[in-house]
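Keep the sequence handy as you read.

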Amino acid sequence: MFDTIVIATDGSASVRRGVRVAVDLADRFDATVHALYVVDAGDVETAPERLRDEMRDALHERGEEALADVQSETGREVTFAVREGRPAAEISNYAREVDCDLVAMGTRGRHGENRFLIGSVAERVVRTCPVPVLTVRQLEEGSVDSLLEGPADAGD
C-alpha cells in the first residue's frame with residue numbers, strides 16, 4: 001500500500017512521535033523513507049539584509065541536525081533533503097517529485113482559539129498535498145504512546 005513515505009520534520013520535539021509512526025508504517029510495508037526539512041524562506045527574508053546569509057546558513061545547519069535526529073530515530077536507510085521556500089508548498093512539491101504515497105508529519109495539537117488564530121504548516125499540507133498526509137499529534141508529557149505499543153496481552 002505504501003512504497004514511499006516522506007517524513008517532514010522541523011526539528012521540534014513534536015516531530016519525534018510522527019517519525020516513529022512513519023517508520024513503523026515503512027517497516028510494515030517495506031517502504032522507502034525520505035526525510036525533508038524546509039528552511040522557511042520567510043524567516044530569512046524578514047531578517048535584516050546584512051544578517052540573511054548567516055541566518056540562511058544557521059537554518060540549513062539546523063535542518064541537517066533535524067535530519068540527523070530522524071536518522072537516529074529510524075535505524076534504517078533514509079534519503080535526506082533540505083529545501084528552502086514556503087514549508088507547506090515545498091513539502092507538497094517534494095511529495096510530487098519523489099512520487100510518494102504518504103507524507104507523515106508531527107503537529108503540536110493546538111486547541112481552542114489558538115487553532116484558528118495561528119496558521120499551521122500541517123494544516124496547509126493536509127489541504128494542498130496531492131497524496132494522503134498523516135499528522136501525528138504530540139502527546140502530553142507522561143502520556144503512554146499506546147499507538148506504538150503492541151496489542152494488550154489478554155492475560156493481563
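A word on cover before we start: a residue is called buried under 20% relative accessible area, exposed over 50%, and partly exposed in between, using a 1.4 Å probe and protein chains only. What you have here is a predicted model, where local features need pLDDT of at least 70, side-chain atom pairs count only at pLDDT 80 or more, and totals for chains, interfaces and linings use all residues. Residues are numbered from 1 along each chain as its sequence is written, and side-chain values use heavy atoms, with hydrogens and water left out.

First, the outline. The protein has six helices and five strands, and along the sequence they come in the order β-α-β-α-α-β-α-β-α-α-β. Helices here are DSSP runs of H or I with at least four residues, strands are runs of E with at least two, and both are numbered from the N terminus.

Of the 156 residues, 39% are buried. The accessible surface is about 9,400 Å², and carbon and sulfur atoms account for 46% of that; such areas come from the Shrake-Rupley method with a 1.4 Å probe, and for residues only the protein chains shown count as cover. As for contacts (heavy atoms within 4.5 Å), take those between residues at least 6 apart in sequence: 77% of them join residues at least 24 apart.

Now look at β4. Five of its six residues are buried, so this strand is mostly covered. Two strands pair if DSSP finds at least two bridges between them, and β4 has such a pairing with β1 (residues 4-9), running parallel over four bridges. Ile-5 is bridged to Leu-102 of β4 there. β4 also pairs in parallel with β5 (residues 133-137), this time through five bridges, with Leu-134 in β5 as the bridge partner of Ala-104.

Most residues other than glycine have a negative phi. You'll find Asp-30 in the loop between α1 (15-29) and β2 (32-40). Is Asp-30 buried or exposed? Its relative accessible area is 68%, so Asp-30 counts as exposed.

Asp-99 is another non-glycine residue with a positive phi, about 55°. With 60% relative accessibility, Asp-99 is exposed.
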